[in-house]
Amino acid sequence: QVQLVESGGGLVQAGGSLRLSCAASGLSFRDYTMGWFRQVPGKEREFVAGITYNIDSPYYADSVKGRFTISRDNVKKTMYLQMNSLKPEDAAVYYCIADRGSGIVTRYWGQGTQVTVSS
């Protein structure tokens, strides 16, 4: 059974930092591209960042480039999102995803972790 468990969310002041973690189990971690999405009430989930299994060329949404850093530890089967210079508009529920395949993609989601940014 695949499980993705996020942690590290919380309340932070604007300009502050948080580090999210996503611990994966029940899958061959090295075979999956990992990523983060976020969602605010009333809006669709939006892509934040992604990283392939070989850790080459992480990619980011324009809104977080230069402020967020995605990384992964293939031995610990854990992915991270370091979020710096947080803005009120970054407040959302952050979801971890694991993708495998091309064309037809199998995607798993975590349960989400809340990030709140006070102005």
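Strand 9 (residues 92-100) is joined to strand 10 (residues 106-109) by 4 bridges, the two strands running antiparallel, where strands are DSSP runs (E, at least two residues) numbered from the N terminus and pairing requires at least two DSSP bridges between them. The structure is a predicted model, in which local features need pLDDT of at least 70 and side-chain atom pairs count only at pLDDT 80 or more, whereas totals for chains, interfaces and linings use all residues. Residues are numbered from 1 along each chain as its sequence is written, and side-chain values use heavy atoms, with hydrogens and water left out.

Within the hairpin formed by strands 9 and 10, 5 residues lie between the strands, and Gly101 in the turn has a positive phi of about 105°; Arg100 has Thr106 of strand 10 as its bridge partner. Strand 9 also pairs with strand 4 (residues 33-39) in the antiparallel sense over 7 bridges, with Gly35 standing opposite Ile97.

Cys96 forms a disulfide with Cys22, their sulfur atoms being 1.9 Å apart (cut-off, within 2.5 Å). Cys22 lies in strand 3 (residues 18-25) and Cys96 in strand 9, so the pair ties together parts that are 74 residues apart in sequence.
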